[in-house]
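Dear colleague,

Please find below the structure that I am handing over to you, together with its sequence. My findings follow directly after it.

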Amino acid sequence: QIFLRILFTTPGRDIFAPNLGGGALKNIGATFGAQEGSDLISDFIIAVDTTSRQIIAIQGRNPNIPRDERLLGARVLSAQFNKAMGGIDVSVQLTSQAGREAVANVGL
């Protein structure tokens, strides 16, 4: 839950943590052509990486978080431009420090 919340937070929107946010919503509602699908995918992959680094840094300050709740990493498993919907379909794998994995499927 926290991963998706931070992923879709626009940096500068939280007055208490102005640098926090992956910025994945920045392209929502933007006008783009079919050839720009790869740009959307690249922006989303960068947002996932940014979010992962931010969460790992936040969790590193709190030693009381159990290993199965700590993020080890996140990676984009697949990302495709959906011409019919005018957006992207993405699968992101989250891995905890305990080795547990979860997949989030997102359509934007």
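Thr95 counts as buried, because its relative accessibility is 16% and the cut-off for burial is under 20%. Please note that the model is a predicted one. Thr95 belongs to strand 2. Its contacts, leaving aside neighbours within four places in sequence, are Arg70, Leu71, Leu72, Gly73, Arg100 and Glu101.

Turning to the chain as a whole, the protein chain has 2 helices and 3 strands, arranged along the sequence in the pattern α-α-β-β-β. Its C-alpha trace spans about 45 × 30 × 15 Å along the principal axes. Of the 108 residues in the protein chain, 31% are buried. Among the contacts with a separation of 6 or more, 43% are between residues 24 or more positions apart.

The largest nonpolar core comprises 16 residues, of which Phe3, Leu7, Phe44, Val48, Ile88 and Val92 touch the most other members. At least two residues of this core come from each of helix 1, helix 2 and strand 2, and helix 2 gives the most, with 6 residues. Phe44 deserves a separate entry: not counting residues up to four places away in sequence, Phe44 touches Leu7, Phe8, Ala24, Ile88, Val90, Val92, Val106 and Leu108.

The largest pocket has a volume of about 340 Å³. It is lined by 17 residues, and those closest to its centre are Gln1, Glu69, Leu71, Leu94 and Ala102. Helix 1 (2-7), helix 2 (37-60), strand 2 (87-96) and strand 3 (101-107) are the elements that give two or more residues to this lining. By class, the lining consists of 8 nonpolar, 4 polar and 5 charged residues. Leu71, listed here close to the centre of the pocket, is also one of the contacts of Thr95.

With kind regards

Key:
Residues are numbered from 1 along each chain as its sequence is written. This is a predicted model: local features need pLDDT of at least 70, side-chain atom pairs count only at pLDDT 80 or more; totals for chains, interfaces and linings use all residues. Side-chain values use heavy atoms; hydrogens and water are left out. On a 1 Å grid over the protein atoms alone, a cavity is a set of points where a 1.4 Å probe fits but cannot get out, and a pocket is an open set with protein on both sides within 12 Å along at least five of seven lines; lining residues have an atom within 4 Å of a point. Grid points are joined across faces, edges and corners, and a volume is the space filled by probe spheres set on the points. Helices (H or I, at least four residues) and strands (E, at least two) are DSSP runs, numbered from the N terminus. Ala, Val, Leu, Ile, Met, Phe, Trp, Tyr, Cys and Pro count as nonpolar, Asp, Glu, Lys and Arg as charged, and the others, Gly among them, as polar. Buried means under 20% relative accessible area, exposed over 50%, partly exposed in between (1.4 Å probe, protein chains only). Contact means heavy atoms within 4.5 Å. A nonpolar core is a set of buried Ala, Val, Leu, Ile, Met, Phe, Trp, Tyr and Cys residues joined through side-chain atoms within 4.5 Å.
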